[in-house]
Amino acid sequence: MNVFVIGATGFVGGTLARRLTAREHLVTGLARTDVAAVALAADGITPVVADRDSRRSATIDAALRADAVVYTAQADPVLETATVESLTRAMAGTGKTLIFLSGSGVLLQRTAGAWSQDSFAEHDPFTVEPLATSRKAAEDTVLAAASDRLRAMVIRPGLIWGPGDHGHVPMTYQSVAATGAACYVGPGLNTYSHVHIDDVTHLFTLALETGRAGGLYHAVAGEVPNRWIAERVANDLGCDTRSVTPQEAALVWGEFGALVMAASSRLRAVRAQEELWWCPERTDMLSTIGEARLRKLADHST
């Protein structure tokens, strides 16, 4: 299969592009710069020098040359909306496949560190997080375009972890550099469903092979309250834990980071398991505790 990955230089898209290449698919990847193009070529990925802004037409042309398009870019909402609309219009009636990467941030709940009992399967109703309205609209655009002549799908993972991630565990280590303690917000019982990068990319490959038009698939392998993460990090570094207010959290992680670290976002991957027989293999996010790259983040001198 000839697969065009938009976001091939990013965390998810890059991992996926390399996985598909290893499975002997023909993979092209969007490269906004010559440096990015060289990096993709070194991984056996054919670069397409274009972007989602002034050179969007070149991106659409590359999409129409491929059998399948996977959109994994984490772009400005305006660019994302415009690109998704252009892709769905251009690919309508072609018989090709389009898969859009979303995330559980669309159903994030602002709990200020408190526990939420709410957990959402793929088609459960939820209140959209205000900052993610454009992302939810992009999901809706893709799913509305699904037909027997466009196999359009959405994959919505929880917090993605693995080599090089910037999620809750790294952010907790960073809080040690900022405060001297492993921090959590409020009671620290807020919980984000998580999934390893390898399991996410495996779900993409299953969707490419057997996913149905209009399919919405969650990716989740486990859950860990933020306070438990902080306790494990503190044990690793021999420091204290500390509860911070949302206002203090903004000083540690910035406004958006504080929002994420105080929120709950819980998923169930019902359709992914029933329709695609997806089963995650990496379920313990806390297994990363103690990695050298993470300990380095706790050093306030770096």
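Trainee: Which helices and strand each supply at least two residues of the lining of the largest pocket, and which element gives the most?

Mentor: Bear in mind that this is a predicted model. The lining of the largest pocket draws at least two residues from each of helix 1 (11-22), helix 4 (77-91), helix 5 (133-144), strand 8 (159-161), helix 6 (168-179) and helix 9 (246-261). Among the contributing elements, the one that gives the most, with 4 residues, is helix 9.

Trainee: What is the volume of the largest pocket, and which residues are the closest to its centre?

Mentor: The space in the largest pocket comes to about 1300 Å³. Its lining is made up of 42 residues, which divide by class into 20 nonpolar, 16 polar and 6 charged. Of these lining residues, the closest to the centre of the pocket are Gln74, Ser102, Gly103, Arg135 and Phe256.

Trainee: Which element provides the largest share of the lining of the second largest pocket?

Mentor: The second largest pocket, with a volume of about 150 Å³, is lined by Arg110, Thr111, Ala112, Pro246, Ala250, Glu255, Ala258, Leu259 and Ala262. By class, that lining has 6 nonpolar, 1 polar and 2 charged residues. The largest share, 5 residues, comes from helix 9.

Trainee: Which residues touch the most other members of the largest nonpolar core?

Mentor: In soluble globular proteins, nonpolar side chains tend to be buried together. Here the largest nonpolar core has 42 residues, and helix 7 (residues 197-210) gives the most to this core, with 7 residues. Apart from this core lies another, of 24 residues, which includes Val69, Ala75, Val84 and Phe100. Within the largest core, the residues that touch the most other members are Leu203, Phe204 and Trp278.

Trainee: Is Thr72 buried or exposed?

Mentor: Thr72 sits in the loop between strand 4 (68-71) and helix 4, and, once residues up to four places away in sequence are set aside, Thr72 touches Val5, Ile6, Gly7, Val12, Gly13, Leu101 and Phe204. Its relative accessibility is 5%, and the cut-off for a buried residue is under 20%. Because of that value, Thr72 counts as buried.

Trainee: And Arg32, is that residue buried or exposed?

Mentor: Arg32 also belongs to a loop, in this case between strand 2 (26-31) and helix 2 (34-42). Leaving aside neighbours within four places in sequence, Arg32 is in contact with Ala50, Asp51, Arg52 and Arg55. The relative accessible area of Arg32 is 53%, where over 50% is required for the exposed class, so Arg32 is exposed.

Trainee: What percentage of the contacts with a separation of 6 or more joins residues 24 or more positions apart?

Mentor: Of the 302 residues of the protein chain, 54% count as buried. Among the contacts in the protein chain with a separation of 6 or more, the percentage accounted for by residues 24 or more positions apart is 80%.

Conventions. Residues are numbered from 1 along each chain as its sequence is written. This is a predicted model: local features need pLDDT of at least 70, side-chain atom pairs count only at pLDDT 80 or more; totals for chains, interfaces and linings use all residues. Side-chain values use heavy atoms; hydrogens and water are left out. On a 1 Å grid over the protein atoms alone, a cavity is a set of points where a 1.4 Å probe fits but cannot get out, and a pocket is an open set with protein on both sides within 12 Å along at least five of seven lines; lining residues have an atom within 4 Å of a point. Grid points are joined across faces, edges and corners, and a volume is the space filled by probe spheres set on the points. Ala, Val, Leu, Ile, Met, Phe, Trp, Tyr, Cys and Pro count as nonpolar, Asp, Glu, Lys and Arg as charged, and the others, Gly among them, as polar. A nonpolar core is a set of buried Ala, Val, Leu, Ile, Met, Phe, Trp, Tyr and Cys residues joined through side-chain atoms within 4.5 Å. Buried means under 20% relative accessible area, exposed over 50%, partly exposed in between (1.4 Å probe, protein chains only). Contact means heavy atoms within 4.5 Å.
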